Amino acid sequence: MSAWTDLVQFLFAGVTAGAIYALVALGFGVVHNTMGIVNFTQVDFVSLGGMLLYSALHSGGLPAPLALAAAVAGVTLVAVMVEVLGVRPSRSESHLVLIFLTIGLSIILRGAMKLIWGKNRMAVPPLSGENFWTLGGATILVQTVWIIGLTAAAIVGLVWFFRRTDLGLAMRAVAANERAAAVVGLRVWRVKAASFALAGALGGLAGALITPITTLAYDVGVLLGLKGFAAAILGGFGSFPGAIVGGILLGLLESLAAGYLSSAYKDVLAFVVLVGVLFVRPRGLLG
């Protein structure tokens with residue numbers, strides 16, 4: 001391989017990982033902007049997306065597009081149940097208490113996935129088979145194109161949702177001032193449930209897309225989710241443009257560091273960046 005081919009390969013790998021981190025970071029931002037908390041069940045929505053995709057393909061026998069849609073829909077439903085049955089009954093208005101509550105719910109979700117699917121590593125075939133393209137001498141899996149394309153579509157859909165739909169505008173209103181939104185007649189409980197549903201859909205989509213190019217297990221979303229959290233901090237927590245920028249930037253940094261330095265630094269780099277940003281610019285790049 002030439003130096004140029006290596007660079008193209010690393011860039012595509014970085015953008016692919018960055019797109020997944022951006023989806024997870026957007027899920028963190030949706031709930032944070034609506035409820036003011038960090039929802040740590042987001043990391044398990046990623047794992048659950050992959051698990052449901054596995055079951056839809058192998059147990060349900062669904063074709064890849066329908067299996068992907070079923071996995072995202074299933075995680076969305078579970079996310080609503082987390083808010084309705086786990087978060088909403090809490091009588092506390094303390095954000096800190098609610099954050100710890102989501103940590104407890106995360107542990108419960110992880111335990112449930114371990115009981116249902118077991119602890120063994122599993123594999124899911126790429127959504128378009130083992131097909132690949134060649135660009136600039138680099139080999140690009142079609143699954144990578146799926147990830148980048150569907151992430152871009154999800155971002156466009158989010159922009160349209162928040163600007164053009166009544167529910168999206170209601171979520172923006174609750175994020176701005178929850179009490180005022182309730183006074184003018186908005187159903188705040190419905191908006192909060194919708195924020196969890198949207199976060200679940202984003203996390204489930206991330207998990208279902210990344211599963212075919214990585215190993216699958218009940219806890220695989222923990223590391224991916226924490227990197228998505230680091231991407232959200234890097235871009236500016238709660239900022240949707242920041243989540244996208246932070247995710248792509250973190251993915252590129254990881255890929256280039258693994259390619260030109262050592263793969264041993266790949267997983268460490270996300271948290272080094274997180275600590276560095278908190279020290280230098282706590283609000284993030286676009287916060």
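A crossing is left-handed if the near helix is turned anticlockwise from the far one by less than a right angle, and right-handed if clockwise. The model shown is predicted, so local features need pLDDT of at least 70 and side-chain atom pairs count only at pLDDT 80 or more, while totals for chains, interfaces and linings use all residues. Residues are numbered from 1 along each chain as its sequence is written, and side-chain values use heavy atoms, with hydrogens and water left out.

**View 1. Helix H9 against helix H11.** H9 passes H11 in a left-handed crossing. Helices (H or I, at least four residues) and strands (E, at least two) are DSSP runs, numbered from the N terminus. H9 covers residues 220–235 and H11 covers residues 266–280; the two pack at an angle of about 30°, with axes 9 Å apart. Axes are lines fitted to C-alpha atoms, for helices over the stretch in contact, and angles run from 0 to 180 degrees between N-to-C directions. The angle makes H9 roughly parallel to H11 (angles under 35 degrees count as roughly parallel, over 145 as roughly antiparallel, 65 to 115 as roughly perpendicular and the rest as oblique). On the H9 side the contact (heavy atoms within 4.5 Å) is made by Leu 223, Leu 226, Lys 227, Ala 230, Ile 233 and Leu 234. H11 contributes Lys 266, Asp 267, Ala 270, Phe 271, Val 273, Leu 274, Val 277 and Leu 278. By class, 11 of these residues are nonpolar, none polar and three charged; Ala, Val, Leu, Ile, Met, Phe, Trp, Tyr, Cys and Pro count as nonpolar, Asp, Glu, Lys and Arg as charged, and the others, Gly among them, as polar.

**View 2. Helix H9 and the residues beyond its end.** The end C-alpha atoms of H9 are 23 Å apart, in agreement with the 22 Å that its 16 residues should span at 1.5 Å a residue. Such an expected span is 1.5 Å times one less than the number of residues. H9 is mostly covered, with 13 of its 16 residues buried (buried means under 20% relative accessible area, exposed over 50%, partly exposed in between, with a 1.4 Å probe and protein chains only). Gly 236 follows H9 and has a positive phi, near 120°. Leu 285 is found in the segment after H11 and is partly exposed, at a relative accessible area of 41%. Although Leu 285 and Gly 235 are 50 residues apart along the chain, their C-alpha atoms are separated by 4.8 Å. Not counting residues up to four places away in sequence, Leu 285 touches Leu 234, Gly 235, Gly 236 and Leu 249.

**View 3. Helix H3 crossing helix H8.** H3 (residues 64–87) packs on H8 at an angle of about 140°, with the axes 7 Å apart. H3 and H8 are therefore oblique to each other, and their crossing is right-handed. Residues of H3 in the contact include Leu 68, Val 72, Val 75 and Glu 83, and those of H8 include Lys 192, Phe 196, Gly 200 and Gly 204. The contact divides into 15 nonpolar, three polar and two charged residues. H3 has 24 residues and reaches 33 Å between its first and last C-alpha, close to the expected 34 Å. Its buried residues pack against H1, H2 (42–58), H4 (95–117), H5 and H8; among them are Ala 64, Gly 74, Glu 83 and Gly 86.

**View 4. Gly 203 in helix H8.** Gly 203 lies in H8 (residues 188–210) and is buried, with a relative accessible area of 0%. Leaving aside neighbours within four places in sequence, Gly 203 is in contact with Gln 42, Phe 45 and Val 46. Gly 203 and Ile 213 are 10 residues apart in sequence and 16 Å apart in space, C-alpha to C-alpha.

View 5. Thr 16 lies in H1 (residues 3–35) and is buried at a relative accessible area of 4%. Beyond its neighbours within four places in sequence, Thr 16 is in contact with Thr 144, Ile 147, Ile 148 and Ile 213. Gln 143 lies in H5 and is buried at 2% relative accessibility. Gln 143 touches Pro 126, Leu 127, Ser 128, Leu 209, Pro 212 and Ile 213, not counting residues up to four places away in sequence. Other buried residues of H5 include Thr 144, Ile 147, Thr 151 and Phe 162.
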